Amino acid sequence: MTHELRIAVATDPGLVREHNEDSVYVRPDLQAVADGMGGHEHGELASAIAVNVLAAWRGDLGPAVAEIARRLDAEAPQGAGTTLTAMRWEGLAFQLAHIGDSRAYVLREGELRQISHDHTMVQALVDAGRMTPEEAANHPRRAYVLRALQSGNSHDPDLSWHQANIEDRYLLCSDGLTDYAHIEDIHEILLSTEDGTEAAWQLIALANGNGGPDNITCVITDVAKKKWWRR
């Protein structure tokens, strides 16, 4: 293998909430962020179910998401739900599974680009040409999710394959970051802070500096050229 993935994780309840409904899971071939919904007990349970399924899963993410939906129906109270954004790697290719309003970004050659698509009311209005992205970013109901994994009412995720490049940097995050931090500031931190762990905690400090009313989770994955050491 000519490359390695350097993975950093940071999660924080924010400045307002006592509980963290976000769950996160990482291993060398898989990174995932799940943001629970339905009140703190229900949300914590739903997001934990999602990452627990992924922790035991190997292979295609489509059946994994279906198993999460089945487990939610069997084990979670009605209305408990979670978003999910996950990357599963095969060499330099990765499968992206996404549902809800957590996000995935790639920083490539200095440009930051969102590679997931929000399943929210405001994004649907943007897609229909009835609202600008700037209006959506400041809309009071920007967190209203149209598709999620939810006990009794799960929806299908977006599934796609992508090709990574050496020196790419990927960010998975819950909306506790993107709802309360300007994308230009997120871009600047990802671009200027080489160490992934430091960058992840700087992103959390950025959201908390803007009031931090929601839980915040960040996973940064750097695609680096593998170093070979001679003895």
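Is Thr83 buried or exposed, and what lies around this residue?

Modeller: This is a predicted model, in which local features need pLDDT of at least 70 and side-chain atom pairs count only at pLDDT 80 or more, while totals for chains, interfaces and linings use all residues. Residues are numbered from 1 along each chain as its sequence is written, and side-chain values use heavy atoms, with hydrogens and water left out. Thr83 is buried, with a relative accessible area of 1%, where buried means under 20%, exposed over 50% and partly exposed in between, for a 1.4 Å probe and protein chains only. Leaving aside residues up to four places away in sequence, Thr83 touches Val33, Ala34, Asp35, Ile99, Gly100, Asp101 and Ser102, a contact being heavy atoms within 4.5 Å. With Ser102 there is also a polar contact of 2.8 Å between the two side chains; such a contact is a pair of N or O atoms within 3.5 Å, of which, within protein, one must be able to donate a hydrogen and the other to accept it, and residues adjacent in sequence count only if both atoms are side-chain atoms. Finally, Ser174 is 91 residues from Thr83 in sequence, yet their C-alpha atoms are 8.6 Å apart in space. Ile99, one of the residues that Thr83 touches, is also touched by Leu149.
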